[in-house]
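Have the viewer open and follow along.

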Amino acid sequence: MPGNLGATPAFPSSQIPTRTADTSGSPSTTQSSTTASSSPTLAPFNYGTDIIRGVNLGGWFVLEPWITPSVFENFNNSDIVDEFTMGQMLNNVTALGILQNHWETWITEDDFKAIHAAGLNHVRMQIGYWSVPLTSADTNFTLSVNPYIPGAWPYLLQALNWAKQNGLHVILDLHGAPGSQNGYDNSGHRTNDVAWASDDDSVSRTLDVIKVIAAQVGGMIDVLELLNEPAGFVSAIADALPGYWKDGYQVVRDAAGGGIKVMIMDAFLGVESWQDFLTYPSAQGVLMDTHEYQIFNYPQLQLSFPEHIDYSCQVLTNLSSYASSNIYTIIGEWTTAPTDCAMWLNGRGVGARWDGTWQTGQPTFGSCDGMTGNMSTFSDDYKTFLRQYYEAQVAIGEAIQGWVYWTWKVENADDWSYQRGLEGGWIPQNPLDRMYPDICANN
């Protein structure tokens with residue numbers, strides 16, 4: 001999830017068919033290929049006119065150690081750092097039991113109710129390729145997803161039902177691809193061998209996964225994001241992405257028709273690298289996702305609190321310019337956290353840049369005490385900044401086509417949690433409420 005970093009629409013808004021929910025039952029323990037359908041209904045969302053205001057459900061269907069450290073601590077094996085190594089080092093029965101308990105408890109329908117009550121209209125959900133039920137009729141490539149443990153698909157179907165039943169639209173993003181598209185644990189595999197674009201079959205396998213997702217749940221979701229955070233700073237991936245985005249777009253259109261929106265990403269290259277790409281009339285219903293973090297490098301960490309806010313306001317100007325002349329654009333991930341102090345944010349067993357516990361010989365910026373963890377340790381001044389930072393970044397999304405906060409829940413890092421921000425007061429109960437309405441006025 002690390003990232004870089006009212007416009008005139010660049011294409012006409014297409015009608016999205018009414019989404020319906022399947023209330024047929026709860027998940028089974030068997031990987032299902034059932035397509036979700038039946039009532040109740042949710043009116044179409046008017047993309048480009050109405051603003052996406054949403055939150056991610058991170059760490060649910062793709063584990064991230066920093067979001068749920070207790071899951072990883074219970075393994076009693078520090079070499080398990082992601083779902084890939086979990087599948088390698090635990091037997092399948094044990095691993096599946098742990099995952100099923102997590103899928104059943106980390107997010108429940110009560111969370112969807114709370115998200116709706118908080119005035120939000122979208123959830124962004126993550127899925128790994130290994131959880132999508134392909135058959136030999138769907139692909140000419142291997143069906144093996146070893147060492148990953150499949151089984152999340154029925155729980156995803158249930159989640160899509162909960163979203164519709166509680167008035168929430170859905171962005172579904174492919175968070176992990178074969179070979180890993182970025183080498184981060186949030187791709188499923190923390191590795192220095194980022195092989196997605198260099199393996200002979202991985203890109204084609206990913207397109208087959210997208211085809212199955214679009215065919216099976218295209219009527220239950222509003223936006224299908226073709227791939228999360230591909231590492232465009234890797235030359236092979238940068239070379240592969242334009243073709244993948246175009247082919248993925250066509251795969252979705254062929255499988256699910258024109259009603260569903262398709263989302264691509266700037267791939268850490270900045271939106272300016274995607275000028276005139278998949279714009280109307282060569283494509284329709286395409287959105288750009290960019291992620292707005294200011295904590296994953298030393299120059300941004302050294303920004304003062306006011307400088308973080310100024311930086312956000314400059315991003316607003318850049319994205320507004322792009323969105324007005326290209327395609328609808330959202331910030332699909334961002335946080336109020338101004339540090340990388342959250343335990344294991346940089347990977348299980350890895351420290352933070354902020355306090356020097358990761359890399360020696362680099363700048364340090366202070367103690368992590370009172371910057372993350374439980375909000376009972378947050379000072380009033382810090383919570384005031386968190387509110388200002390929230391409003392500055394919301395202003396970015398409100399100036400384009402929307403925003404989706406990362407993330408709804410975190411076990412031990414309240415500075416990242418929308419849920420805890422609501423409780424602590426630095427996130428408003430109504431996302432339209434402003435304490436600092438002119439925070440970006442000078443931009």
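What follows goes from the strands to the nonpolar cores, then to the salt bridges and the aromatic rings.

A word on the ground rules: this is a predicted model, where local features need pLDDT of at least 70, side-chain atom pairs count only at pLDDT 80 or more, and totals for chains, interfaces and linings use all residues. Residues are numbered from 1 along each chain as its sequence is written, and side-chain values use heavy atoms, with hydrogens and water left out.

**Strand S3**

Let's start with strand S3 (residues 52-56), where five of five residues are buried. Buried here means under 20% relative accessible area, exposed means over 50%, and partly exposed is in between (1.4 Å probe, protein chains only). Strands are DSSP runs of E with at least two residues, helices are runs of H or I with at least four, and both are numbered from the N terminus. Ile52, Gly54 and Asn56 point one way from S3, while Arg53 and Val55 point the other way.

S3 runs parallel to strand S10 (residues 402-405), with four bridges joining them; strands count as paired if DSSP finds at least two bridges between them.

**Nonpolar cores**

A nonpolar core is a set of buried Ala, Val, Leu, Ile, Met, Phe, Trp, Tyr and Cys residues joined through side-chain atoms within 4.5 Å. The largest one has 131 residues, and Trp60, Phe112, Met125, Tyr244, Trp245 and Trp416 have the most contacts inside it. Helix H10 (residues 380-399) gives the most to this core, with 10 residues. There's also a second, separate core of 10 residues, including Phe45, Ile52, Ile171 and Val404.

**Salt bridges**

With a cut-off of a Lys or Arg side-chain nitrogen within 4 Å of an Asp or Glu carboxyl oxygen, the count is 12 salt bridges. Here are some of them:

| Pair | Closest N to O |
|---|---|
| Lys164 and Asp222 | 3.6 Å |
| Lys211 and Asp208 | 4.0 Å |

Arg124 sits in strand S4 (residues 122-128) and Asp289 in strand S8 (residues 286-292), so this pair ties together parts 165 residues apart in sequence. Both Arg124 and Asp289 are buried. They also belong to a network of salt bridges that links Arg124, Asp173, Glu225, Asp289 and Glu333.

Lys164 and Asp222 are both buried as well. Lys164 is in helix H5 and Asp222 is in the loop between helix H6 (202-217) and strand S6 (223-225), so the two tie together parts 58 residues apart in sequence.

Lys211 and Asp208 are three residues apart in helix H6, so about one helical turn separates them. Lys211 counts as partly exposed at 32% relative accessibility, whereas Asp208, at 14%, counts as buried.

**Aromatic rings**

How many aromatic pairs does a search of the whole structure find? It finds 32, where rings of Phe, Tyr and Trp (its six-membered ring) pair if their centres lie within 6.5 Å, and planes under 30 degrees apart are stacked, over 60 edge-to-face and the rest tilted. Trp103 and Tyr155 have ring centres 5.4 Å apart and planes at 45 degrees, so the pair is tilted. Trp103 is in helix H3 (residues 92-105) and Tyr155 in helix H5 (residues 153-165), 52 residues apart, and both are buried. Elsewhere, Phe305, Phe378, Tyr382, Phe385, Tyr389 and Trp426 form one aromatic cluster.
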